[in-house]
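Thanks, everyone. Please put the model on the screen, and we'll go through its rings and a few loop residues.

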Amino acid sequence: MIDQNYRWYPVYTRSRAEKKAYDELIRKGIISYLPLRKTLKQWSDRKKIVEEPLIKCYLFVYISSKEYAEVLMTNGIARFIYFSGKIAAMPDQQIDHLKLLLATEEELAAFDYDIKPGEKVLIKAGPFKDIVAEMVSVHNKQRIILRLDNIGYAIEINTSMAFVEPI
């Protein structure tokens, strides 16, 4: 039996193919959503604000089950995301919340890793750039406390988790 209800489904794209896959889905008439964030990129000769996907290799389609094959036949789409053996559907409210978050001027970043206290991290930006530290605690993903090995003190740094990555 084919489900005629339309739902939001997350789909996995090939690496760096999110925008092309999104454009092709729109061209096919399939309602799609690609959450983009503005970020400042720096090259050796210039700086530029570019839009890049908030969640790499993902976009969302609003379809019924009869359109699964059409989505999979789109260039850049790798597969649907499965949960407990079924294609994962998302509540409309989650997509609405994501759109609302992206409508604000707040800087957002999505992380596919969870850094726990005691783990070693590399600071990627800011005044402590390229320093290896130990994660002591995380306060709401914006205030983190790092122990810097080279000076032996724990220093509270008000920064985003976007500036650290696990080693």
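Start with the cluster: Y6, W8 and Y62 form one aromatic cluster. Rings of Phe, Tyr and Trp (its six-membered ring) pair when their centres lie within 6.5 Å; planes under 30 degrees apart are stacked, over 60 edge-to-face, and the rest tilted. The structure holds 7 aromatic pairs.

One of them is Y12 with Y58: the ring centres are 5.6 Å apart and the planes stand at 85°, so this pair is edge-to-face. It links distant parts of the chain, with Y12 in strand β1 (residues 7-13) and Y58 in strand β5 (residues 58-63), 46 residues apart. Helices (H or I, at least four residues) and strands (E, at least two) are DSSP runs, numbered from the N terminus.

A word on provenance. This is a predicted model: local features need pLDDT of at least 70, side-chain atom pairs count only at pLDDT 80 or more, and totals for chains, interfaces and linings use all residues. Residues are numbered from 1 along each chain as its sequence is written, and side-chain values use heavy atoms, leaving out hydrogens and water.

The cut-offs: buried is under 20% relative accessible area, exposed is over 50%, partly exposed is in between (1.4 Å probe, protein chains only).

The charged end of R79 sits over its ring, 4.8 Å from the centre. "Over" means NZ of Lys or CZ of Arg within 6 Å of the ring centre and within 35 degrees of the ring normal. K99 lies over the face of Y33, 5.1 Å from the ring centre.

Now the backbone. Which residues have positive phi without being glycine? R16 has a phi of about 60°, and C57 has one near 70°. R16 lies in the loop between β1 and α1 (18-27). C57 is in the loop between β4 (47-53) and β5. R16 is exposed, at 77% relative accessible area, whereas C57 is buried, at 11%.

Last stop, L34. This residue lies in the loop between β2 (31-33) and β3 (36-42). L34 is buried, at 8% relative accessibility. What does L34 touch, beyond residues up to four places away in sequence? E18, K19, Y22, P53, Y58 and L59. Contact here means heavy atoms within 4.5 Å. Note Y58 in that list: the edge-to-face partner of Y12.
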